[in-house]
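Welcome! Take a moment to look over the sequence and the 3D view, and then we can walk through a few features together.

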Amino acid sequence: MVLRISGIANDSIVDGPGIRFTIFTQGCPHHCEGCHNPQTHDPDGGKDADTEELLEKIKSNPLLDGVTFSGGEPFMQAKALASLGREIKALGLNIVTYTGFTFEELYNNREKNSWGELLDVTDHLVDGPFILEKKDWEIKFRGSSNQRYIDCPASLAAGHAIEIEP
């Protein structure tokens, strides 16, 4: 499968717990003021990446604790990321997904555009748009205080967001 990406980070320590392989997807409908990755907004920007090639890069790093899907907006390419996510999970790695949508928006529309499939492979979800006025340097793995760090499997089982401390 093909993903439209802005880039990758082979060994990030800021995109979730532990050492992470981060995929920055291309295309975002949110256009948050002060966005950390504004170059990812244009869906026609970036480059194509084959998910099998990305998986091989992930496999080649024995130090990884997990993989992070960031953006752009990962849920704009949910089907391809869910497919890649199933392969990543088979390797025993965890997945953090960042989104400008809220868990409630994704959960209530999980049949739409494979959103449920991507939620199903996500271990931790960082949800909500970045709000510049709520920017907070003190919170882990989030940019603004409105964003939540969510246990995705527990939230899916409960039918509502369950926040955890990263």
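This is a predicted model: local features need pLDDT of at least 70, side-chain atom pairs count only at pLDDT 80 or more; totals for chains, interfaces and linings use all residues.

## Cysteines

A disulfide is a covalent bond between the sulfur atoms of two cysteines. The structure holds 0 disulfides. For Cys152, the nearest cysteine sulfur belongs to Cys28, 18 Å away. For Cys35, the nearest one is that of Cys32, at 6.2 Å. Cys35 counts as partly exposed because its relative accessibility is 25%.

Next, have a look at strand β5, which covers residues 94-98. Because 4 of its 5 residues are buried, β5 is largely enclosed by the rest of the structure.

On one side, β5 pairs with strand β4 (residues 66-70) in the parallel sense, over 4 bridges. Here Thr97 of β5 stands opposite Phe69. Together with helix α2 (residues 78-90), β4 and β5 make a right-handed β-α-β unit. β5 also pairs in the parallel sense with strand β6 (residues 124-127), over 3 bridges, and Tyr98 stands opposite Val126 in β6.

## The largest pocket

How much space lies in the largest pocket? The value is about 860 Å³. There are 33 lining residues, and the closest to the pocket's centre are His36, Tyr98, Phe130, Arg142 and Gly143. By type, the lining divides into 12 nonpolar, 15 polar and 6 charged residues.

Notes:
Residues are numbered from 1 along each chain as its sequence is written. Side-chain values use heavy atoms; hydrogens and water are left out. On a 1 Å grid over the protein atoms alone, a cavity is a set of points where a 1.4 Å probe fits but cannot get out, and a pocket is an open set with protein on both sides within 12 Å along at least five of seven lines; lining residues have an atom within 4 Å of a point. Grid points are joined across faces, edges and corners, and a volume is the space filled by probe spheres set on the points. Ala, Val, Leu, Ile, Met, Phe, Trp, Tyr, Cys and Pro count as nonpolar, Asp, Glu, Lys and Arg as charged, and the others, Gly among them, as polar. Buried means under 20% relative accessible area, exposed over 50%, partly exposed in between (1.4 Å probe, protein chains only). Helices (H or I, at least four residues) and strands (E, at least two) are DSSP runs, numbered from the N terminus. Two strands pair if DSSP finds at least two bridges between them. A crossover is right-handed if, with the strands pointing away from the viewer, the path from the first strand over the helix to the second runs clockwise. A disulfide is a pair of cysteine sulfur atoms within 2.5 Å.
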